[in-house]
Amino acid sequence: MTEPSTTRADADPTPTSTPSTARRGPVVAALMLAMGLAALDGTIVSTAVPQIVGDLGGLSVFSWLFSGYLLAVTVTLPVYGKLSDTFGRKPVLIAGTVLFLVGSVLCSAAWNMASLIAFRVVQGLGGGALQGTVQTLAADLYPLKERPRIQAKLSSVWATSSIAGPALGGLLAGYADWRWIFLINLPVGLLALWLLARHLVEPARTAPRARVRIDWAGALAIFATGAVLVTALVQGGVAWPWLSAPSLGLLGAAAALAALTVAIERRAAEPIIPGWVWRRRTIAAVNLSLGALGLLMVAPTVFLPTYAQSVLGLGPIAAGFVLSSWTLSWPITAALSNRVYTRIGFRLTAILGISLALLLLLAFPFLPFPGEPWQPALLMLLLGGSLGLFQLPLIVGVQSTVPYEERGTTTASVLFCRQVGQSVGAALFGAIANGVLAARLGAETDLDTLARSLAATDETRRAVDAAVDWVYLGAAGAAALALLALLTLAPRRFPVLKEED
């Protein structure tokens, strides 16, 4: 059975509101620039880490340059989603962009590693608004049948950044100064702000109730829960063993804070994460499915470059191209996915995409040793294509089941689950890989050590090959969980709301 592109007989007859489309082109350009700030951030900074550490020191804690940013983005996503539904997308996106740029300026002026990590957290506090609000505005701007167009453009921003980021970061760090990798955000961000301020016109909001209540207690509880959980996942198995007192204490504290958060949100008049996000089958199924997507994405993004260098013997640039092959096919199939889901529906299209991804992830351990670079590159190309069919229909579909005033919260919940999945995946798959390596090479061996040394002995190469094989099997397990969530929870037809022409 197919889903109609804009209406359903049992849908809410009230049309959803959308921003003015008279100047949609400049607004889309602004959204792509804003998304580019977030997309470039991780890839451009990672290339300059040697220069940053050489200048500021702090080798033992430099991983928090990424973990601190990820933490801030993850825990603020639900907050910004609720604020955008309450006050509008424009003020939230402008405030987030300004905060991101302030953090960038502060990062460029950092005097030691501790200050740089703190300023990266400030950047992340703005980055949460960039990621969530841009995706929400994309749904506001385009009707259902046209949304793949803007989503494909946003996906192309991530694809371009994955290739251009390392090259640009290397050039700036090598021939200028690493501080320029943060200052380069200023002209991009200022142009995005000017386009948003000048061209984005949101619909007139209905008269507010007697007083808008902001759930500050819930926001603080969510932030505390996410901070403790991400710290436990990032540092566990690295700074201390998983079964040590610090790990168990942090995980226990995260569970207690999560229970406190639920209690606060249930009593709040305007909760940051309202209960309907999980009571509605469609949203719950998409949240769980994209949480599993975040989990499985860790396997290629984190472990494939090490595999390409230590097993295939490639240099860093060539290894990056092996990984980047999936960023080429992902936006293409995402852009074409509307031709599929308008015929067979959102649910079946996503099931098709994740089923193909499951088969491809299971195929990775069967690659020959040591193999040729084109073999994993081809698998990644196909994997990106299958995930484009999986992710975009779910995001477009779930956004189309809620009215304008709930779309920010819904989009933020989906992205929040995906970010949490990535954090859990990094910890889980890191433990799996290190366990395999320790069993084969010695109790003190881990993948980070091998990635730095890239020892070329046959024994080491086979051990890394086995470790990455097990990681991909774990990613296949995550794909199976996503498939199970869609089969058991998602309705056969998404309850799409009627839209204005």
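Predicted model: local features only at pLDDT ≥ 70, side-chain atom pairs only at ≥ 80, totals over all residues.

Trainee: How many helices and strands does the protein have?

Mentor: The protein has 19 helices and zero strands. Helices (H or I, at least four residues) and strands (E, at least two) are DSSP runs, numbered from the N terminus. Of the 501 residues, 53% are buried; buried means under 20% relative accessible area, exposed over 50%, and partly exposed in between, with a 1.4 Å probe and protein chains only. Among contacts (heavy atoms within 4.5 Å) with a separation of 6 or more, 85% are between residues 24 or more positions apart.

Trainee: How should I read a pair of packed helices?

Mentor: Two packed helices are described by the angle between their axes and the distance between the axes. Axes are lines fitted to C-alpha atoms, for helices over the stretch in contact, and angles run from 0 to 180 degrees between N-to-C directions. Take helix α4 (residues 89–108) and helix α5 (residues 113–141): their axes come within 7 Å and cross at roughly 155°. The two are therefore roughly antiparallel to each other, since angles under 35 degrees count as roughly parallel, over 145 as roughly antiparallel, 65 to 115 as roughly perpendicular and the rest as oblique.

Trainee: What is the handedness of the crossing of α4 and α5, and which residue classes make up their contact?

Mentor: α4 passes α5 in a left-handed crossing; a crossing is left-handed if the near helix is turned anticlockwise from the far one by less than a right angle, and right-handed if clockwise. The contact of α4 with α5 has 14 nonpolar, nine polar and three charged residues. Here Ala, Val, Leu, Ile, Met, Phe, Trp, Tyr, Cys and Pro count as nonpolar, Asp, Glu, Lys and Arg as charged, and the others, Gly among them, as polar.

Trainee: At what angle do α3 and α5 pack?

Mentor: Helix α3 (residues 64–87) packs on α5 at an angle of about 35°, with the axes 7 Å apart, and this crossing is right-handed. The contact of α3 with α5 is made up of 14 nonpolar, nine polar and one charged residues.

Trainee: And how far apart are the axes of α17 and α19?

Mentor: The axes of helix α17 (residues 404–441) and helix α19 (residues 458–488) are 9 Å apart, at an angle of about 150°. Their crossing is right-handed. Residues making the contact include Phe 429 and Ile 432 of α17 and Trp 470 and Val 471 of α19. By class, the contact of α17 with α19 has 13 nonpolar, two polar and three charged residues.

Trainee: Is Thr 133 buried or exposed?

Mentor: Thr 133, in helix α5, is buried, with a relative accessible area of 2%. Not counting residues up to four places away in sequence, Thr 133 touches Arg 89, Val 92 and Leu 93. Gln 135, also placed in helix α5, is buried at 10%. Leaving aside neighbours within four places in sequence, the contacts of Gln 135 include Met 35, Gln 151 and Thr 411.

Trainee: Where is Trp 111 found, and what is its accessibility?

Mentor: Trp 111 is found in the loop between α4 and α5. At 61% relative accessibility, Trp 111 counts as exposed. Leaving aside neighbours within four places in sequence, Trp 111 is in contact with Leu 56 and Phe 119.

Trainee: What about Trp 158?

Mentor: Trp 158 lies in helix α6 (residues 147–175) and is partly exposed, at 34% relative accessible area. The C-alpha atoms of Trp 158 and Ala 39 are separated by 5.5 Å, although the two are 119 residues apart along the chain.

Notes. Residues numbered from 1 in each chain as written. Heavy atoms only, no water.
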